[in-house]
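Here's a quick briefing to read alongside the model. Have the viewer open as you go.

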Amino acid sequence: YVALTPKVNGPVYVDPDSGKLSASYCQDLEETAEAALQVMLRAGEISGKKVTVDPNQDVNATSEIVCSFELVPVGTARKISGTIKFVKKPGN
């Protein structure tokens, strides 16, 4: 949220032929969000991430850009189980 806030109310460059988002603008948004999520990944807050911005959006018609954030959560081991058995030697 904090990383993308400076992009709100800023210029959005569109493809002059289609009127849709330009590839470079989509890439800029994706890289900005990925960098912020990389901090969370290094801190151990998430296990993985992916950000996608569909260029087929008409920001001039909607004034909105939809980004897709896929986050892989960190798991929690609430229980650990094991088996104990008696053997003549380990590995048998």
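How many salt bridges does the structure hold? There are two, a salt bridge being a side-chain nitrogen of Lys or Arg within 4 Å of a carboxyl oxygen of Asp or Glu. Keep in mind that this is a predicted model, where local features need pLDDT of at least 70, side-chain atom pairs count only at pLDDT 80 or more, and totals for chains, interfaces and linings use all residues. Residues are numbered from 1 along each chain as its sequence is written, and side-chain values use heavy atoms, with hydrogens and water left out.

**Salt bridges**
- Asp28 and Lys7 pair up through their side chains at 2.6 Å, N to O.
- Asp28 sits in helix H1 and Lys7 in the segment before H1, so this pair ties together parts 21 residues apart in sequence; helices (H or I, at least four residues) and strands (E, at least two) are DSSP runs, numbered from the N terminus.
- Glu34 bridges to Lys49, with the closest N and O atoms 2.7 Å apart.
- Glu34 is in helix H1 and Lys49 in strand S1 (residues 48-53), so the pair links parts 15 residues apart in sequence.

**Ser22**
- Ser22 is found in the segment before H1.
- Ser22 is buried, at 12% relative accessible area (buried means under 20%, exposed over 50%, partly exposed in between, with a 1.4 Å probe and protein chains only).
- Ser22 touches Tyr13, Val14 and Asp15, not counting residues up to four places away in sequence (contact means heavy atoms within 4.5 Å).
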